[in-house]
Amino acid sequence: MAEVHTGADSLLLWESAPAERLVDAHLLGNGRLGAAVFGALPDERIVINEDTLWSGSESFLLNPDTRALLPEARRLVFERKFAEAHRLVAERMLGGWGQAYEPLGTLHVVVGLEPRAGSEFLRRMRREPPQGYRRSLDLDSAVATVEYREGGRNFRRECFVSAPDQVVALRLSVDSGTMDLAVILESELRHAVSTQVSTLLLSGRAPDWSEPDYSSARPFIVYLPEEDSASIRFAASVRVVETDGRLTSTPDRLLITGARHALVLLAAHTNYEGYGKERSRDVGRVVSRCLRTLDGAGSPAWDQLRERHLADHRAFFRRVDISIGPSTTSVLPTSRRLAFQAGASLEDPSFAALALQYTRYLLIASSRPGTQAANLQGIWNDRVRPPWSSNLTTNINVEMNYWGAEVLGLPECHEPLFDMVAEAAESGKHTAREWYGLDGWVAHHNIDLWRKTTPCAGLPSWSWWPMAAGWLCQHLWRHVEYTGDTEFLARRAYPLIEEAARFFLGLLVEDEEGYLSTAPSTSPENNFFVDQQAALEADFLLAMSPENRMAVHQRTSAVAKSSTMDLSIIREVFEHCLRGADMLGRRGELHQRIERSLERLYPFKVGRHGQLQEWCFDFAECMPGMGHVSHMYGLFPGELFTPQRNPDLYEACRKSMFRRFAHGAFKWGWPAAWSVSLFARLKERAQAGQMVRESCRSLGANLMTEQHLQLDCAFGLGAGIAEMLLQSHDGSIELLPAVPGSWAEGRVGGLRARGGFEVSFQWRLGTVTRCEVRSTLGGPCRIHGPGLRSVELSSDPGKIYQVPVRDE
């Protein structure tokens, strides 16, 4: 087991001022409950989330035109009438919006003000931080702390979300004198508040409909009458379980006077019982569940509660240890470190180590066995209409959340995604049958709590994309590759992969060139000019007058046949299905069809710039600097394009990546985070290092993107850094494949590789100086890297092997 690096501030996010936005708050969670701590004065604000609190309820929207119009859409594509095909899909073949992830409420704890002050007054209060203010998040303990000095007294708050006890715990203390506190619980949803002695109760229900924030349709929020509503019922309860002050209450808050310390616990639940399961609409039952949770957690003292939390968190977090030097900005607040990284004025290799550990921290906090999968914002949201509905967006975002699960030593945290995939497959069978008339299962661009798998509304460039099942199945296969768990393969992974393959077999049709193609097909979320002349004239027309935009738009399309992403996902699913069948001894007629189809798939092509074509023809992109690089799927997270397997296509990927970069792609957030892994696969060391820095643009202090509140960048960044340090996708383990020269020295312990290996190593000036491998499964292990003597170990389960290094 790796030791944890405990250097000063090496595992801290910290700021010298309170947060005013969610993107700057410190994030806590136990997989199910989320708490975003703002550290505000005098009114501490903690946004509370529960991962099953979504708008809406079970539903299935069928567009009867889609199945009927598929042959016509294919005819237009095969006749190369791409603009017409685009219009047909856009106007008649799409579906409706999904539901939104909702905020449960906000816990306010007001320190030292008139305790009966109204919440609106508290929101308007503005106060400069007192001297010595500091708020921090310790990744090793998963505890958020706020400290400040005021009136000659030192105030301290500690907050964590306990998985063993399923509560948010907040302790407030002052070292001398006393303080007065008011505890208030609010919600943006329909709710009621009451008190019972030392307990504050909030109960309510979610909207029956929440219109996406990018839609102008009204009404934005819909509540049906109580008796007609099947929406989620929710409740939260807050209890003061320890204080040396005087505790009283009013109808809507708890009041504490003359206290040196107070311990506040919060429990929250909904009436959601699981996918496809009946649930009671009696919110009183949810309130009772909250009270039982508080009863169970309220008996131990603060120290015992904290110790149970630490033991649980560290059992996951301390599996990996990493240090990268030199450190140049670690003494600065996180927001300033991000600014330095993004500005590239002062490179700080140690930030990469913090980012990798923060990825792991977020996964532990937002995705535990038995919880929901992490969505666009993980589990943290403060808006009734959050950006992109805080959905489970499947054309990269939810997958990016989980890229690091296996390599970063958190396979258990992968489980909620597997559960989601299994549930989506049940819904997706219905969608495949009713929308396409096909066997197997399908999913599209967005999935929500209700496991929507039909196409969403909007534009074809994202809405028409029946490939999500394939991408999601990749995660099932990765778990098998890393763990060797054949029981998981037989029981969970293989049946889902096989049914996804069955759908793709039905989806493929023979095109006008004699190949098996997907049509209509898109490459999320890009568009192309239907002919070269349109591309040449577009800039001129738009420069002449903005009114020409429609004329330009009519000569573009997102719809063609056999996008490179389609082909990559289908080829991968087919190959995994064949390999899985071989491992389980399940070969049959279906697999013969797959083998025949693989031979006839539309080929990948190289374009006039030497780039990997994104579509079937060498179209000019409408956005040459598009952040979505969907045609790079086969490079990463896939493994189709490698120097050994497809050297020409591998080099074409390199041309594509640098061409996109030259046109302005990868300058912020998740596109930059994806590019870290892509450039790492290309062994472009300097570029991968630059993309780590570019990822830091437009991020808040908690690494949420400022514009859309997304956390996928923070999840993807750690996975990309791991890819720079270790790769195992091409038949061997390679160390330091894409580490830039600026990462002069470092060590990492506990990274995992395919085949059931755990790898720890040190390096200096680009050369490995020490390496050991622990085998969990036994079997051969090929490992190489700069400074290593390339060896093939014959390992036994549980043993640790020292890999020889070259003589100095």
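Which residue of β33 does E772 stand opposite? The legends below take us there, starting with the whole model.

**View 1. The whole protein, a predicted model.** Here 20 helices and 33 strands make up the fold (DSSP runs numbered from the N terminus, helices being H or I of at least four residues and strands E of at least two). The radius of gyration is 27 Å, close to the 28 Å that the globule rule gives for 808 residues, so the protein is as compact as a globular protein of that length (taken over C-alpha atoms, the rule being 2.2 Å times the number of residues to the power 0.38). Its C-alpha trace spans about 80 × 75 × 60 Å along the principal axes. Of the 808 residues, 63% are buried (under 20% relative accessible area, with a 1.4 Å probe and protein chains only).

**View 2. An open sheet of 5 strands.** The order reads β19-β28-β29-β30-β33, with antiparallel pairing (two strands pair if DSSP finds at least two bridges between them). β19 (321-325) and β33 (800-802) stand at the edges with a single partner strand each, so one side of each has no neighbour in the sheet.

**View 3. Strands β30 and β33, side by side.** β30, residues 767-775, pairs with β33 in the antiparallel sense over 3 bridges. And here is our opening pair: E772 stands opposite Q802 in β33.

**Notes.** Residues are numbered from 1 along each chain as its sequence is written. Local features need pLDDT of at least 70 and side-chain atom pairs count only at pLDDT 80 or more, while totals for chains, interfaces and linings use all residues, and side-chain values use heavy atoms, with hydrogens and water left out.

Note on methods:
Buried < 20%, exposed > 50% of the residue type's maximum accessible area, 1.4 Å probe, protein only.
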